[in-house]
Amino acid sequence: MSFPKKPGGKATDILQNLPRITLANLRPEPGSKKLWKRLLASHGGNRSGRGHKGERQRGNRPRLGFVGGSTPFYLAIPKYGYNEGHSCRPQYQPLSLKRLQYLIDLGRVDPTQPIDLTQLVNARGVTVQPLKRDYGVQLVDEGADIFAAKINIEVQRASEGAIAAIERNGGVVTTSFYDPISLGILIKPVPFFLRGQPIPRRMLPGEDMVPYYTNAENRGYLADPEKIQQARLALAQKYGYILPDISKDELYHMLSMRKDVRQIFFGLAPGWVVNMTEKKILKPTDEKLLKYYSS
Amino acid sequence: MAAFMLSRRTAVLCRTLKGISASKTVLPANSQCGLLLQTASYNPRPLRLNIRDPYIPDKDSEKTPEWQKTAKYDRKLFGRYGSASGIDPASLWPSHKELDKIIAEENEWHPPLEVMLKNIAIKEKAETEKRLAKEKLIAANMAKMPKMVADWRRQKREAKLKLKEEKARRTKLLAEARERFGYAVDPRSPKFLEMVAEIEKEEKKKKKLLKRRLKEEQAAGVVQPPPTSS
C-alpha cells in the first residue's frame, strides 16, 4: 500500500509549525547591509573626504538652491500652467469616512447631534488652518464600505461616493461655504467670544463657487430642497441602494436641522455678543443694527 | 450641542445659551447628559479668565500705553471680564457711521446671490454661444473639405502635367536645334533663341492656314446640305 504523497512535503510542515513572523524573527539577508565605515586614519583620515579648507571642509556651505547672490533658478523661473496660482487656490482638509467612523466609535463625535466643523475640531478629528488657504473640510469616500452611522453632517465639499455612503445609512449631508473669517471663528469659538466682538454674518461664496453650492448634486446649502430630494433618489438608483425615508425617523428633527445662510453657529444668530465670564448673551436692540444683521 | 456637555467650559456656554432662550431658569446640564452614552471625550484647555485680579487700564493717566485705550482693547476687556471691566456694552457694536461704511463695503464687494447668479448665467450663455459658433464654423469648413481636396489634387496634377509638357517641349526644341546646327547649342545663346522664334512663326502660320481651311469647310458644309435636303 503506497500512501499518496502530500504536495509540498517537508516545506509545508515547517511553515505550518513555525511561530508567527515578528520583528524578532526577521534578519536581513547576509551581505545586503554594509556596515558604516568610520574614518579612522590612513585613507579614511587626513581630510576625511571633506576637501581642502573653505566652506566645504568647514561645513558652512549655503542652503540648497543658493547661487552666490543672484536670483536663484528656482525663484527666477515664473510659474505657469499647472502650478500657476497654486498658493491662492482654496484647500480643503480631507476627512475620510473611515476616520469619521473611528471618531464616532470612540465617542469623540456625537452622532445624535448635528456634526459641524466645530464638533470635528473639538474632537481633534481634523486640523484646519484658515491662514493656509484652507476653506474647510472635504469628505472623501475612503471607508465608504465600512461606514455605518446615521448622522447629520455639514462639510465644505463632499465626493459623490461619500454622500452616497452617508445617505445609504439614513443620514444627511450638506455642503456649505464659510469665508475665512467665519471659518476662523467656527474652529475656535471660545477665543472669538473672548474677543468681545459681535458674531459676524457669514458671507456668500464667490462667483466661482456659487455654481457648486447651488447644485443639488453636491447637496449645496443654496440649492433647492426639492431638487436635493430628487438628487438623493437619483444617487440611490445610481449606487444601487434603497433610500431610507428619514421623515419616519425618530431623529428626524435633528436630521433636518440646518443652519441659515448667514449663520455661523447653531442657536446663535449674527449680531449677538457672547460673554464667557458672566455666561450671558447680549443682543442688539437698535433697528439699523438688527436690520443689518438679519438681512 | 451634546459634545459641549461633556466639557467644563463648553458646559458653561451651553448653560448660557439655555439661559438666554429661557431667560428664567437655567436648565441643569445633567438632564441632557443622561441620554448620552459617551465612552470617551476630550479634555479642553482650562479657561484662565483671571477674574479675581483683573487688569483694567486707567484711561485718564498718561502712563498707560496708547494701545490700551483703543476700542479693540475695550472689547477684549469686556470679553474677558464682562461687566466688571466697566465698559458700556453698547460700544461693542459698530456705530451708525461705521455701520454705513460696512454696508457700503459689503454692497460693493459682496453682491447678493441674485446678481451673482445673473452674472454666471450671462457668462455661461456667452461661452456656449462662442462654442457653438466655433463648432458651426468647423462643420461648415469640413463640409467644404472634399471639394477643396479635389480642387487641390486637380491643381497639383495640372501643374505636374504642365511641367512635363514644358520639359518635353524643351527637349524637342533642343533636338531640333541639334539637328539644325549640328552641335549641342546652349539654350541661352541668341542663336537658339532665334531658332525658337522661327519655329514659333512657322507654327502660327500653320495654325492660321488650318483655321482658314476649317472655316471654308464649314461654310461649304453649311451650303451643301440645304440644297440636298430640299
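How many residues does the contact take from chain B and from chain A? It takes 47 residues from chain B and 46 residues from chain A. Here contact means heavy atoms within 4.5 Å.

A word on the model comes next. This is a predicted model, in which local features need pLDDT of at least 70 and side-chain atom pairs count only at pLDDT 80 or more, while totals for chains, interfaces and linings use all residues. Residues are numbered from 1 along each chain as its sequence is written, chains are lettered from A and ligands numbered from 1 in the order in which they are written, and side-chain values use heavy atoms, with hydrogens and water left out.

Start where the chains meet. The size of an interface is often given as the accessible area lost when the parts come together. Chain B and chain A bury about 4100 Å² between them. Of this, 66% is on carbon and sulfur atoms. Buried area is the accessible area (1.4 Å probe) that two parts lose on being put together, summed over both.

Charged side chains also meet here. Between chain B and chain A the count is 3 salt bridges. A salt bridge is a side-chain nitrogen of Lys or Arg within 4 Å of a carboxyl oxygen of Asp or Glu. Arg201(A) forms a salt bridge with Glu106(B). Their closest N and O atoms are 2.2 Å apart. Across the interface of chain B and chain A, the rule also finds 10 residue pairs in polar contact, both residues at pLDDT 80 or more. A polar contact is a pair of N or O atoms within 3.5 Å; within protein, one must be able to donate a hydrogen and the other to accept it, and residues adjacent in sequence count only if both atoms are side-chain atoms.

Which helices of chain B supply at least two residues each to the side that touches chain A? They are helix 1 (2-5), helix 2 (8-22), helix 4 (71-81), helix 5 (96-109) and helix 6 (113-181). Helices (H or I, at least four residues) and strands (E, at least two) are DSSP runs, numbered from the N terminus. The residues on this side of chain B divide into 30 nonpolar, 10 polar and 7 charged. Ala, Val, Leu, Ile, Met, Phe, Trp, Tyr, Cys and Pro count as nonpolar, Asp, Glu, Lys and Arg as charged, and the others, Gly among them, as polar.

Now turn to chain A. It has 12 helices and 7 strands. Of its 295 residues, 40% count as buried. Buried means under 20% relative accessible area, exposed over 50%, partly exposed in between (1.4 Å probe, protein chains only). Among the contacts in chain A with a separation of 6 or more, 58% come from residues 24 or more positions apart.

Lys259(A) pairs with Asp116(A), with the closest N and O atoms 2.6 Å apart. Lys259(A) lies in the loop between helix 11 (252-255) and strand 6 (273-275) of chain A and Asp116(A) in the loop between helix 4 (97-105) and helix 5 (117-122), so the pair ties together parts that are 143 residues apart in sequence. Lys259(A) is buried, at 9% relative accessible area. Asp116(A) is buried too, at 5%.

Lys259(A) also forms a salt bridge with Glu154(A), at 3.7 Å between the closest N and O atoms. Glu154(A) sits in strand 3 (residues 152-155), 105 residues apart from Lys259(A). Glu154(A) is buried, at 10%.

Another salt bridge joins Glu167(A) and Arg232(A) (3.5 Å, N to O). Glu167(A) is in helix 6 (residues 160-168) of chain A, and Arg232(A) is in helix 10 (residues 225-239). Glu167(A) is buried at 1%, and Arg232(A) at 5%. In chain B, a network of salt bridges links Lys147(B), Asp151(B), Arg154(B) and Glu158(B).

Rings of Phe, Tyr and Trp (its six-membered ring) pair if their centres lie within 6.5 Å; planes under 30 degrees apart count as stacked, over 60 as edge-to-face and the rest as tilted. Why is the pair of Phe177(A) and Tyr213(A) edge-to-face? The ring centres are 6.0 Å apart and the planes stand at 65 degrees, so the pair is edge-to-face. Both residues are buried. Ring pairs link Tyr135(A), Phe177(A), Tyr212(A), Tyr213(A) and Tyr221(A) into a cluster.
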